[in-house]
Amino acid sequence: MAGPSMMETLFQRTLEDLIKGMRLQLIGESAFISKAVEEIRREIKSTDLHTKSIALQKLTYLNSLHAMDMSWAAFHAVECMSSSRFADKRIGYVAASQSFNESTPVLLLITNQLRKDLTSVNEHEASLALECLAKIGTVDLARDLTPEVFTLLSSSKVFVRKKSIGVTMRVFEKYPDAVRVCFKRLVENLESSDPQSLSATVGVFCELAAKDPRSYLPLAPEFYRILVDSKNNWVLIKVLKIFARLAPLEPRLAKKVTEPICEHMRRTGAKSLMFECVKTVVGSLSEYESAVKLAVVKIRELLLEDDPNLKYLGLHALSIVAPKHSWAVLENKEVVIKSLSDEDANIKLESLRLVMAMVSESNIVEISRVLVHYALKSDPEFCNEILGSILSTCSRNFYEIVMDFDWYVSLLGEMSRTPHCQKSEEIEFQLIDVGMRVRDARPELVRLARSLLIDPALLGNPFLHRILSAAAWVSGEYVEFSLNPFELAEALIQPRASLLPTSIRAVYLQSVFKILIFCVNSYLSQTETLADLEPEVPDSISQRENSEASDLASVRAPFEHEHDEAFNPGVLDRPSTDNSIEDIGNAADGDGQTSTFVSFRKNGFTRESIVNLVNLVEVAMRPLSVSLEVEMLERTCNILGLIEVLKRELPAVFQNEKVLEKEELEVLKLIKLMNDAFSEELGPVSMSAQERVPIPDGLVLKDNLADLDEVMGDVELPSSSSFSLESPYNGQRMDPASCNVQSKEDSEASSESTSLLAEHRKRHGLYYLPSEGNGTISNDYPPANDLKSGDTNQDDTEDFVKLTAQSLVPKKKPNYAKPRPVVVKLDEGESVPVVLKKRDSRDDSLSGAVRDILLGDDAVKLSSSIKGKEKVNVDPLDSKENMHDMENSSHRKSSSRRSKQRPHRKERGQTSPEKLGVEKEEHGGKVKSKSSHRHGRQKSRQKAEGSSDIIAETPVIPDFLL
Amino acid sequence: MIKAVMVMNTQGKPRLAKFYDYEPVEKQQELIRSVFAALSSRAENVSNFVEADAIFGLDSRLVYKHYATLYFVFVFDSSENELAMLDLIQVFVCELDIVFNYGKMQTILDEIVFGGQVLETSSAEVMKVVEEISKLEAASNAITFVPKTVSNWRGR
């Protein structure tokens, strides 16, 4: 050997040196590594294999843990693999297993090396080759090495045999035709007396059955025997996994295995086996009451353990059993509820799921209340987990379980005010969705929107902006339900609204526009009414009725109140002490809500109040008319334009109040028109609505739009004006410590926010309508989500347990005071179509092959006279192209077994006409001819021999176990 | 099956990483980082399972054990029993000088997990093989030119 190479050999750093060096390095890790790689690149070119292999080993290490590229060294790995020294060979194999993949070019070179090592007398060399094949086996490798694997499957050395069993998994997956060769030996290993081989075999079948359980039903008797006989927990666990997959397919099998599984559950001391039994029972045998009862007892044991792992797994098992046996959760509800405040996130989450699984329409109110309480006490992550699951549970299937939407709307409000709430997007969506779908919820929604909008503190929390956007939209769209539209307008133009992102401000502005139109229109129609003093419905109102789909036209509502008490319960049931009304001072008469409402309607829109409103809006809009944001600019201009017209025409209106020539006034028509436009009801839109729009003639949709880019240049398209735009949250989160919790009754909440508003009014009087409301001056805005300190949320777990104790018990449907309101649903297209994943064709061919072996060609499997390698010399090229032919041919009688070695194309040519017919038939519905063998198989399974020609009629799975 | 085995220290530096489905190394590093992020946020004395669907795709669970300054992580799917995996970590963690004994650690792991399948769960069995292999390696280092004899001798 040449000098330098010798030097290298002597002074080469080993992997250990490299690792030690890395820990002590002073030059920075990446510098050290790149130096090391440089060194490796030099060493790896050495002619001395030992030097090369050490270098390769170091590279493998750096690749694995430091992501250094080693694809360039693929050939060196092949060189090392072929070394006659075991140490070098091993390094080569490890490197190859780690770095080779389907696209590695030198992969073609290793087939022979693998074959040589697979047949090596040294079991460790064979083991290396098997490990490598299991990791990087490709279609070609799997096909070419199938014969060697087949041989090793009956090796007398357990060490090699168990690994060859393991490798069949990869080989079958890549090359399904290997099943025809190896499957029988694999099955034989199920009867192996050697525990290691048995364990490996069961493991392989567990994986196979996971992909396609039905194909392995015929092996149920073998698995059953293992289930009953085996003492090895590992093997039992795997067999249980297999039965968990098979049992749902075959009720008789389920019946048969239930008892042995329960026996294991009772007897075993190993928690893992016990847990597996429990999981099998609750997951796959849930119809067997006694088994489930036993399993629940065992679950309870797990739940009472101190070990968090066991507790977590117990809860997990409980959540599997919950959908079918809710009593199991009820029995353990105490533990479940207590777990909600466990320190372990897994346990908390699992118990949350369990609680949500218990929800029904009768207890949703109670459970939500408890959970929102928990959310207040939890860390931000779990808090949002809770809120998210409440939101998704309640909105499931169009708010199926929500009976009382007024309650739900206020719950949404409460959740919005929960500190850490990051579910604003979902709440935003639901606020609008409920508004569009549930007409009866609108008064309550507007009330909620009001309380959110007039609280200036909320504007400071960027997490709430989306909710405010929804609130603004609701307040504009359903302003007719508002008790005090002026107040809403004030809230929408308050100065702190400048804290909002522009897309949301745009929604605010649009709502101001709607409210303005509404107020002016109400005023005008009211003056008409007064002027006409006629009992019948005034013109403008009947117009509205015609134009609206809704029979709930705002103006008409008060008239109907007198006749129908049940009408519009949201308004009627409302606590009559809404302080906000007093601010305006027109609700002083204590005749109850109805009269308040009517009187407000009659007197609220005074000339003065309208003028004030118009002026106020104008003052607020002026600064925005120079906004840079187009959405805001455009809407501001709309409002200002409207105000312009109003200002020009209104004095005339006011002055001629008694002798109104309404038809001639442009503004009247304009306002009516606008009002009509806005009072058109918006509903949910079907997902497929777009598709149903017919494509107009002559519209070419498939034209190439490539040159559009040039035309557009870098012109940026303005964002759309919809209310749910992207959320440009850029503000900082509120300090969680400073924002406390708002958990008061709604009336309190609104009174508080009214006082906030009053403070605000003091500071920014310019932006407010004149009023006699007063309040104290505070120095600053309280933080969003404020909770009075010394809150009452110190209830501890026991209280919650008590609380939920009743609520979790399924009750009779309570009698609701009012019927559930109608929830608008579309007939179709409201859910995103689920695209089923198509199964891999390779999987299909694998299970096809397995079925053929197990069901169609028993004799092959059973004939114990396998002569070894020369029988299975599958022509690589041919067999690859003829997978399908193979499948067909395997249906043939066992006598033609030899035909497998022949090229199948030829074979097909020789097939007699009737046979071809049979094959065709099999193409259509494969079952018929298979079942004939299946029956035979059953017999032969039991007797281990016998003819395979008994014909059965139906393609059912026979009673293997009966 | 087992999808991956990782050993990393409490700073997130990987000490061993083995993926049984081929992943490019960059992706491996990313997965290791996400696993570490998931682990480091967990308190002491809580359960050892992490739902890893977000990191490793559907039907993935992760079990870890924290020994001294090391995390031992097994990623697996529904074909494995959670508690058995926890035990398996125990089997894997023999008295190893893990930092420097990368090769030995590889060998041990290879004996236990084979292409994602657990083939050996007995410590004694694993250690026997590991010793045999180190003997073989030592032999092949000492006798530089007659490996055939060694393999013949081993293979009997």
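Among the 264 residues of the largest nonpolar core, Leu468(A), Val512(A) and Leu516(A) touch the most other members. Such a core is a set of buried Ala, Val, Leu, Ile, Met, Phe, Trp, Tyr and Cys residues joined through C-beta atoms within 7 Å, where buried takes 20 or more other C-beta atoms within 10 Å of a residue's own. The model is predicted: local features need pLDDT of at least 70 and side-chain atom pairs pLDDT 80 or more, while totals for chains, interfaces and linings use all residues. Residues are numbered from 1 along each chain as its sequence is written, and chains are lettered from A in the order in which they are written.

- Beyond its neighbours within four places in sequence, Leu516(A) is in contact (C-beta atoms, placed from the backbone, within 7 Å) with Ala489(A), Leu613(A), Val617(A), Ile639(A) and Leu642(A).

**Contact between chains A and B**
- Chain B supplies 47 residues and chain A 53 residues.
- On the side of chain B that touches chain A, helix 6 of chain B has the largest share, 7 residues.

**Sheet in chain B**
- An open sheet of 5 strands runs in the order 2-1-5-4-3 with antiparallel pairing; pairing takes at least two DSSP bridges between two strands.
- Strand 2 and strand 3 (49–51) of chain B are at the edges with a single partner strand each, so one side of each has no neighbour in the sheet.
- Strand 1 (residues 2–9) of chain B is joined to strand 2 of chain B by 5 bridges.
- Ala4(B) has Phe19(B) as its bridge partner in strand 2 of chain B.

Key: Buried ≥ 20, exposed ≤ 12 C-beta atoms within 10 Å, placed from the backbone. Contact = placed C-beta atoms within 7 Å. Helix = DSSP H or I, 4+ residues; strand = E, 2+ residues; numbered from the N terminus.
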